[in-house]
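Hello,

Here is the structure I promised to pass on. Please have a look at it first; my notes follow below.

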Amino acid sequence: MTVLLVFVTVALIFALVLGAKRFVKRDLCALCLSVSLTWVGLLILQKVGLFGNTVLLALLMGQSVTGIFYMLKDRVPKVLRIFTLPFFLSLTAVAYVLITSDYIIWTFLLLTAVWIAGWVIFAVRDDPGAQPLATVVMNCCERTR
């Protein structure tokens, strides 16, 4: 029953956002907003002990993490896509901490190392020896045909 109620909530918020889009002068993704508002509400309910389905909460948060990633992917300069992995892992870590309130030091040390590696690749991206690596990293999510 909980899953059904959550799905109905997402659908209702989706319909409300679609209706509101004609009055709002900003681009709104009805799906993104409905999923995000739902998991924010569920996270609050979880923190006060009224919601216990962490799998469903994690799925919704994961959808938002992926949505944020793809939204920004097309809006940032291609050279900044070098930071794809550290950015995505950081969003995932934030979602994990929000759900569990668990800070795992090794995870954050790894994130720091991945961010540093990204900055190093970014700094040497125009060097002829590093350019192939930078290009591969920047194009990690491009389709190849």
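**Salt bridges and the rest**

At 14% relative accessibility, Arg-81 counts as buried (buried means under 20% relative accessible area, exposed over 50%, and partly exposed in between, with a 1.4 Å probe and protein chains only). Before going further, please note that this is a predicted model: local features need pLDDT of at least 70, side-chain atom pairs count only at pLDDT 80 or more, and totals for chains, interfaces and linings use all residues. Residues are numbered from 1 along each chain as its sequence is written, and side-chain values use heavy atoms, with hydrogens and water left out.

Arg-81 forms a salt bridge with Glu-142, with 2.6 Å between the closest N and O atoms (a salt bridge is a side-chain nitrogen of Lys or Arg within 4 Å of a carboxyl oxygen of Asp or Glu). Glu-142 lies in the segment after H6 and Arg-81 in the loop between H3 and helix H4 (84-100), so this pair ties together parts that are 61 residues apart in sequence. Helices here are DSSP runs (H or I, at least four residues), numbered from the N terminus. Glu-142 also meets Lys-73 in a salt bridge, at 3.9 Å from N to O. Lys-73 is buried at 15%, whereas Asp-74 is exposed at 57%. These four residues, Lys-73, Asp-74, Arg-81 and Glu-142, are linked in a network.

Now to the largest pocket: what is its volume? The value is about 300 Å³. A pocket is an open set of points on a 1 Å grid over the protein atoms alone, where a 1.4 Å probe fits, with protein on both sides within 12 Å along at least five of seven lines; lining residues have an atom within 4 Å of a point. Grid points are joined across faces, edges and corners, and the volume is the space filled by probe spheres set on the points. Helix H3 gives the largest share of the lining, 4 residues. Among the lining residues are Asp-27, Cys-32, Ser-64 and Arg-75. Cys-32 is partly exposed, at 38% relative accessibility.

As for disulfides (cysteine sulfur pairs within 2.5 Å), a search of the whole structure finds 0. Cys-140 is in none, and the nearest cysteine sulfur, that of Cys-141, is 3.4 Å away.

Best wishes

Terms used
Helices (H or I, at least four residues) and strands (E, at least two) are DSSP runs, numbered from the N terminus.
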